[in-house]
Amino acid sequence: SVDTSCRCLSVDLPRNTYAPGEKGDLRVAFSVGNGTGLLEKFVTITTDEARAEPVRLVMRVTVPPARS
């Protein structure tokens, strides 16, 4: 499963199931809205592998204030 830390992140995962050892890509879009400064959000990937720990991807972006 793929979970995000907020609704400002959307994840595009081509498939929901992968064979053991198989690789895949996912695309994450981050809508910053009115946020400024350092923003940090997370995507957590969990598999059904019994011994596997969830993988936490960190997204950090610095958004400058809007120019007037």
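## Largest pocket

By residue class, the lining of the largest pocket divides into seven nonpolar, seven polar and five charged residues, where Ala, Val, Leu, Ile, Met, Phe, Trp, Tyr, Cys and Pro count as nonpolar, Asp, Glu, Lys and Arg as charged, and the others, Gly among them, as polar. The lining comprises 19 residues, and Asn16, Thr17, Tyr18, Thr46 and Thr47 are those that lie nearest the pocket centre. The space inside the largest pocket amounts to about 600 Å³, a volume being the space filled by probe spheres set on grid points that are joined across faces, edges and corners. A pocket here is an open set of points on a 1 Å grid over the protein atoms alone, where a 1.4 Å probe fits, with protein on both sides within 12 Å along at least five of seven lines, and lining residues have an atom within 4 Å of a point.

## Model and confidence

This is a predicted model, in which local features need pLDDT of at least 70 and side-chain atom pairs count only at pLDDT 80 or more, while totals for chains, interfaces and linings use all residues. Residues are numbered from 1 along each chain as its sequence is written, and side-chain values use heavy atoms, with hydrogens and water left out.

The pLDDT, the predictor's confidence in each residue on a scale from 0 to 100, averages 92 over the protein chain, with 100% of the residues scoring at least 70.

## The three-stranded sheet

Three strands form an open sheet in the order E1-E4-E5, with antiparallel pairing. Strands E1 (2-4) and E5 (55-63) stand at the edges with a single partner strand each, so one side of each is left without a neighbour in the sheet. From one strand to the next, the twist averages 20 degrees. Strands (E) are DSSP runs of at least two residues, numbered from the N terminus, and two of them pair if DSSP finds at least two bridges between them.

Strand E4 (residues 37-45) is joined to E5 by nine bridges; among the pairs, leucine 38 has threonine 62 of E5 as its bridge partner, and leucine 39 stands opposite valine 61 in E5. Three bridges join E1 to E4, also antiparallel, and valine 2 has isoleucine 45 in E4 as its bridge partner.

## Serine 5

Serine 5 lies in the loop between E1 and strand E2 (9-12). With a relative accessibility of 42%, serine 5 counts as partly exposed, the class between buried (under 20% relative accessible area) and exposed (over 50%), for a 1.4 Å probe and protein chains only.

Notes. Helix = DSSP H or I, 4+ residues; strand = E, 2+ residues; numbered from the N terminus. Axes fitted to C-alpha atoms, helices over the stretch in contact; angles between N-to-C directions.
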